[in-house]
Amino acid sequence: MAHLVAVLALKGAIAFELGIPARIFGNAKDDAGRPLYQVATCTLDGGPVATSADFRIAVDHGPELLERADTVVLPASHDSDPDLADAPFTPELAAALRRIRPGTRLMSICTGSFLLAAAGLLDGRPATTHWRYTELFARTFPKVLLDPDVLYTDDGDILTSGGVAAGVDLCLHVVRRDHGSAVANAVARNCLVPPWRDGGQKQYVEAPSPVPSGGTGTAAVRAWVLEHLEEPLPLRRLADRAGMSVRTFTRRFREETGASPGQWITTQRTERARQLLERTDLTIDQVARRSGFGTGTSLRLQLRGRLDVAPSAYRRTFRTPA
C-alpha cells in the first residue's frame, strides 16, 4: 500500500507551498510505474478554505485523515505568517494535531514550522523556517534549536524547511531518504527542478536596512561604520566615537543589535561585498578592499564560511543584468 501523505490546508493557505507535496510525492513511482505515495489534502473541518490568492479550495477530507496518515505536512499559510496573524495556533488546530498517531512523520514548509513549535513538538530539536522570520522564531521559541542558514532540517520523524521553494528540496530529500537517489532524481527531472541544491537560504537574505544616524546608544556609531567599512575598525576606536568605555560600548552594542561589534561589522562587510559582486565589475581583490576584508583570500574565506559559496560563483548566480 502506498505511503499516505496528508497535507493540512489552513485558512489562507499559500497555493504554491500547498501544492508542493502533491507535485513531488505524487511523481514518485516504482520500477513498475506504481505510485509510491498517496497524497491527500484535508482541512480542520472538512470544508473549503480560502487561500492567500483570489480563490478557495475544496477538499475531500477533514481532520480524521490525520489519524491514518504516515506523513503529515503543514505548509505555510496566511494564518501562520507571523506578520499577519497574532495567534495562528488555534484550539481547532491543536485538536487536529492530537489525532496524529505517535511515530507519524511530521513535515513543515516555510512558516509552517511556527505551528509545530507552538505545539511544543520542536522543543530541543533542530528546525528552520523562512529566513525573514528566523529572529522572531528564535525569540518566540527559545527551546527550539533553530538553524537559520539551511534549506531544511531532518531530525528523523520531524523535518522542517525554509521558505517557498525549500519545500521542494525537503520533499525531494524525503523521497531520496525513502526510496533512493534514482527515484528522487526521476521526480526532479519530471518536475524540471534540481535534484539537489548546494548552499542554503542564507544566500538569499536581503541586506539589512541602513542604520539611522540620529539615535541613542550605539546607533550613530553604527551609521558611521557603514560609511567606513573599508577602514580598520578596532573596538577602542568605536567606543571612543560613542564616548563610552570599551566594556560599556560592547554591552550596549550587544543589547541593541544582538551581536558583538565584531560580528556585526563582519556581517555588514559581507553585505557590502555581496552588493559589489552583484552590481559592479570590480575584481575580487577590489571588492575585498572596498568591503573591508583586505584581500581576496579573506573575502573567499568569509563567503565560504557565511554563504557556503565562492565570490565568483555568487557573482554568476546573483549578478544584476545590465
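Biologist: At what angle do H1 and H5 pack?

Modeller: Please note that this is a predicted model. Two packed helices are described by the angle between their axes and the distance between the axes. The axes of H1 and H5 lie 9 Å apart, and the packing angle is about 35°.

Biologist: How many charged residues does the contact of H1 with H5 have?

Modeller: On the H1 side, Ile20, Pro21, Ile24 and Phe25 meet residues of H5, including Val168, Leu172 and Val175. By class, this contact has nine nonpolar residues and one polar residue, while the number of charged residues is none.

Biologist: Which element supplies the largest share of the largest nonpolar core?

Modeller: This core has 34 residues, and Ile24 and Val175 are among those with the most contacts inside it. Strand S1 (3-8), helix H1 (15-25), helix H5 (166-179) and helix H6 (181-191) each supply at least two of its residues. The largest share, seven residues, comes from H5.

Biologist: How many residues apart in sequence are the parts that the pair of Arg101 and Asp70 ties together?

Modeller: The side chains of Arg101 and Asp70 form a salt bridge, at 3.5 Å from N to O. Arg101 lies in the loop between helix H2 (91-98) and strand S6 (105-108), and Asp70 in the loop between strand S4 (56-57) and strand S5 (71-74), so the parts tied together are separated in sequence by 31 residues.

Biologist: Is Arg101 buried, exposed or partly exposed?

Modeller: Buried means under 20% relative accessible area, and exposed means over 50%. Because the relative accessibility of Arg101 is 39%, this residue counts as partly exposed.

Technical notes: Residues numbered from 1 in each chain as written. Predicted model: local features only at pLDDT ≥ 70, side-chain atom pairs only at ≥ 80, totals over all residues. Heavy atoms only, no water. Core = buried A, V, L, I, M, F, W, Y, C linked by side-chain atoms within 4.5 Å. Buried < 20%, exposed > 50% of the residue type's maximum accessible area, 1.4 Å probe, protein only. Helix = DSSP H or I, 4+ residues; strand = E, 2+ residues; numbered from the N terminus. Axes fitted to C-alpha atoms, helices over the stretch in contact; angles between N-to-C directions. Contact = heavy atoms within 4.5 Å. Nonpolar A, V, L, I, M, F, W, Y, C, P; charged D, E, K, R; others polar. Salt bridge = Lys/Arg side-chain N within 4 Å of Asp/Glu carboxyl O.
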